[in-house]
Every structure is written in C-alpha cells, then in structure tokens.
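Here are my notes on the model you sent over, as numbered points. Have the structure open while you read.

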Amino acid sequence: MIRAGEDPLGASFARLRSTAQRRKLGATYTPAALVGPMSEWLAHFKRAARVVDPGAGSARFLCAVGRYLPDAQLMAVEIDPLAALTARANLTVLGFDGRSVVDTSDYRALRLPSIPSPTAFVGNPPYLRHHDIAPGWKSWLRERSADLGLKASALAGLHVHFLLATAHLAETGDFGVFVTSSEWLDVGYGQLARELFAGPLGGLSIHILDARTQAFADAATTATVMAFDVGERQQRVRVRKIRDTEDLRGLAGGESFSPGELRAQRRWSALLEPRVSIPSGFVALGDFCRVHRGAVTGANATWVTKQGDPRLPSSVLVPAVTKASELFGLESGVLAGCGDLRAVIDLPEDLDILDADARALVERFLRAARRAGAASGYIARHRKPWWSVKLRSPAPLLATYMARRPPAFVRNLAAARNLNTVHGIYPMESLSEEALCSLTRVLRDRATLSGGRTYAGGLTKFEPSEMERIMVPPPIWLESGEAWPS
C-alpha cells in the first residue's frame, strides 16, 4: 500500500492519537489531493539538493517528492515520536532511508548546514492557536521577528512561527510551497505572515481554496497554498481563488499584484473581490459609531435562564439577545419588545445592596452555581467578583456577525442587552430616532459578505473593527431624512 502511494501508517496514527491529542500539537494530516500537486510543482520549479518538511507527520510530502527527485536529501522534522516512527517506516519502505533524516526536535530550534545547491521547503506547518503556545516561544517570535525588522503579535498561531523559522533557515535561492489555514491572509495577527511572504520569503503565488470545500478530512478549516522563492524580489505576485484541489495543478494562473500593493491591503482574501462603488460623501461606520462584542458569561448554562425565573429576584434577570437567530427572524429590522428573549443573570458586584429576601435567593443560587463549577471556569476566574457578568448598557443597534449570509442589523427599541453572539453598535454622539432608523435601513440594504473573513464551510465573520469599516451615509445625511444613492 505504501509503495502504491497510500499511507496506512498515517491512518493508523490518526486512530492511535485521538483528535484531542493531535490538536495539542496542531497535527492535521494533508490529503493526497493537496500533497500531489504541491509536490509536483516543487519538483519541477527548479532542482533541489535538499527537501525539508517541517511538521512532517508520516512524511507524505517527502514520500511524494522523493519519487520526483531521486538524488535529493530528505529531512522530516517531526516533534511527535510516534509520528516520527511512521515517517521513518514510510521512507524506508520506499527505499529513501539512505538519503533521509527524521529529526524529532522543534522546527523553531532547527539548524541547517549550508549547502551549495538550493533547499526546498514543503509541507503543512502545524496549526495551533496562540492559547496553547508557551510564553517562551512567544518571546522567541518577537525576538526573531525583530531580527528581520518586523513586528509580531503574541496572538499568532504556530503556523506563523514556522513561517518565521523558515525565513531564518532559508538562504537565497531556496524555495518552497506550504499549505496553511487561510486566516493569516486577513487577521491582524497574520500581519507578520503577510510581511514575511511579501518580503524575506519572496512570495510567488497564493492559491486560496474555496471556503466551502472541506480540504482536510479531520479539521474544519480553510486552506491556502503559498509558493515562494527566497531572495527573489518578485515584480508581481499571483493571487488566485480556486474551487477545488484539481485547480491546483501547476500552481498556475491568478491575478498579479506587486509586493507594494499587497502590503497596502489589510485583507488579502479581498484582493480578488469585485470593486464596490461607494457613493460620494459616505463614511466608515466607525467614524461615528463604536462596535463592541457582547458580554461573555463563561457558562451560559448557569447565567442564562428564562425571564421570571422564581429562583432569583426579578431585579437581576435582564432580558438579552443570547442567540443570533433571535435577530435573523426580524424582517422589520426592529426589536420592539423583550417578551420572547431569555434573561441573563446580572448580579451586582456588591451583594450588600440587595435587600434581605433578594440576598437570600442570590446566595442560594451562588451555592448551586459553585457546585456546578461556574466559579472555576476560565472567564469566572479572570473577573472580579466571579459572579458579576457585567452586561454593557443597551446598544441602540444590534448586529449578527457570523453566518453564511450577510449580517442582520436591528434597531434595539426594546433596550435589550446582548451576549457575545451579536455585536452592539453605539453612536459616539447622540443621534435622533429618525437617524438611528435610517442607519439601520442603510446597513440592512448595503450589507454584504464583503469585508468579513471567511472560514471553512463558507462561514463569514465580522470582527468589530471590520464592521466599523462598512461605508454608510454621514450623520448629517442620516438626520436630514433624505434618500441616499442606491
């Protein structure tokens, strides 16, 4: 099976290591539909004397590239010793063991001896969120970025660490192709990855797989294939959106952009979006409104209940939008009442302000909440006191921010509060009711998926800063009651 191009050992590894265990190391194995065209391009772009795969897993890429390059040295870097065993076995069965090395160190600590001919880098750098990255490695990221004159965010995922390590390991003439999650194209903490690609790595092309396509069998993530040629200051970089992996063959096609044009864009996935005509005089929503996330309870099962819950005094039961679906169903664009909403238990920081009867009910509730573990969760442990959710004041406008459809904008006449399932929109200066209704209408009329970031399955998400960039009529126009251009 191995000689026929299959990977039974990699499949066995996936059974032996649970999804949760693999997730801790960012181990997502790459399907043949991606390995094939990436390896073929690498082998034919130019001759490599050495091929390095960071986070090699069972060495799927090296097994494929080794067939094309019979004389190249093959280096698999894989920190998981069990995965390293599968890599060694696969390379041995194919007869590549005499020219291959499996290194079980951390790729960020790897040292490569200099060789006179090019080194190629290929693979799927492990995806691990910043929460699971040790502080010492976050310091490493900042320091090694500074060595290149670049800034790094501690929020960057492990795949960005691997791109930085590659930029330091590679020499002029080296080249490579990686497949990663697409998020670095758009997010703030992906800025380092964008700077590396447009600068030290010498970016050649970016192929963005349609977000509705499930590229990886065991991970709901988007996929982007990036090719680079280190030391080559490209006049143009090709960017292409593709429907499926069949379109990857040759890594050809795409619209070209200069590195300067890329650096000027905050969101690279939007490079190929159609240009939207903005009426003269329109301004960014953020010029006169702030968009805030709703409150995070940390344990909705404890802090969200029905209105009129007899366990608690009515004064602490606050009607709130707790699900985005509560806004999607409002065809009028107006939340007129709270009757259908759930309530959030919003306790005061100082329980002494409650009267004796109310205090007794709250104390009984808190004892039950402690037994349920509500006091020991991450959010509760990082707020003081642990029982105070601290809902924001009612937002005049509410907006959904994650769906397979444009956001729903709603005028909040009911003065309902909101959890982090929806955003709240707060004018920085007072607007009349007519202006608030006009703003709601124009947001609903002009709402598109353009401006958000797209995740696997076609989900589009708007962070508050992205929603603030939506273009709308200025306040003076909204107050005038005049119609705006279509």
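1. Start with helix α8: L192, A193, R194, L196, F197 and A198 are buried there, where buried means under 20% relative accessible area, exposed over 50%, and partly exposed in between (1.4 Å probe, protein chains only). Because 6 of its 8 residues are buried, α8 is largely enclosed by the rest of the structure. The cover over those buried residues includes α6, α7, β6, β7, β8 and α9 (259-263). Helices (H or I, at least four residues) and strands (E, at least two) are DSSP runs, numbered from the N terminus.

2. Some housekeeping: this is a predicted model, so local features need pLDDT of at least 70 and side-chain atom pairs count only at pLDDT 80 or more, while totals for chains, interfaces and linings use all residues. Residues are numbered from 1 along each chain as its sequence is written, and side-chain values use heavy atoms, with hydrogens and water left out.

3. For the overall picture, the protein chain has 16 helices and 23 strands. Its C-alpha trace spans about 80 × 60 × 40 Å along the principal axes, and 52% of the 486 residues count as buried. Taking contacts (heavy atoms within 4.5 Å) with a separation of 6 or more, 75% are between residues 24 or more positions apart.

4. I206 is worth a click. Leaving out residues up to four places away in sequence, I206 touches W184, L185, F197, T224, V225, R238, V239, R240 and W268.

5. Next, helix α12 (residues 356-371). The expected span of a helix is 1.5 Å times one less than its number of residues, so the 16 residues of α12 should span 22 Å, and the 23 Å between its end C-alpha atoms agrees. Its buried residues are A358, V362, F365, L366 and A369. They lie on the same side of α12 because they cover an arc of only 105° around the axis, the arc being that of the directions from the helix axis to the C-beta atoms. That buried set packs against α10 (300-303) and β15 (342-345). On the face turned away from the buried side you'll find the exposed residues A356, D357, R364 and R371.

6. Zoom in on β16 (residues 397-400), which runs antiparallel to β20 (residues 422-427) with 4 bridges. It also pairs with β18 in the antiparallel sense, over 3 bridges. A399 stands opposite F409 in β18 and has H423 as its bridge partner in β20, while T400 stands opposite V422. L397 and A399 point one way, L398 and T400 the other, and all are buried.

7. Another open sheet has 4 strands, ordered β12-β15-β13-β19, again with mixed pairing. Since β12 (304-305) and β19 (417-418) are edge strands with a single partner each, one side of each is left without a neighbour in the sheet. Strand β13 (residues 317-321) pairs with β19 in the parallel sense over 2 bridges, and V321 has N418 as its bridge partner.

8. Last, N420, in the loop between β19 and β20. Beyond its neighbours within four places in sequence, N420 is in contact with G294, A295, V296 and Y401.

How values were computed
Pairing = 2+ DSSP bridges.
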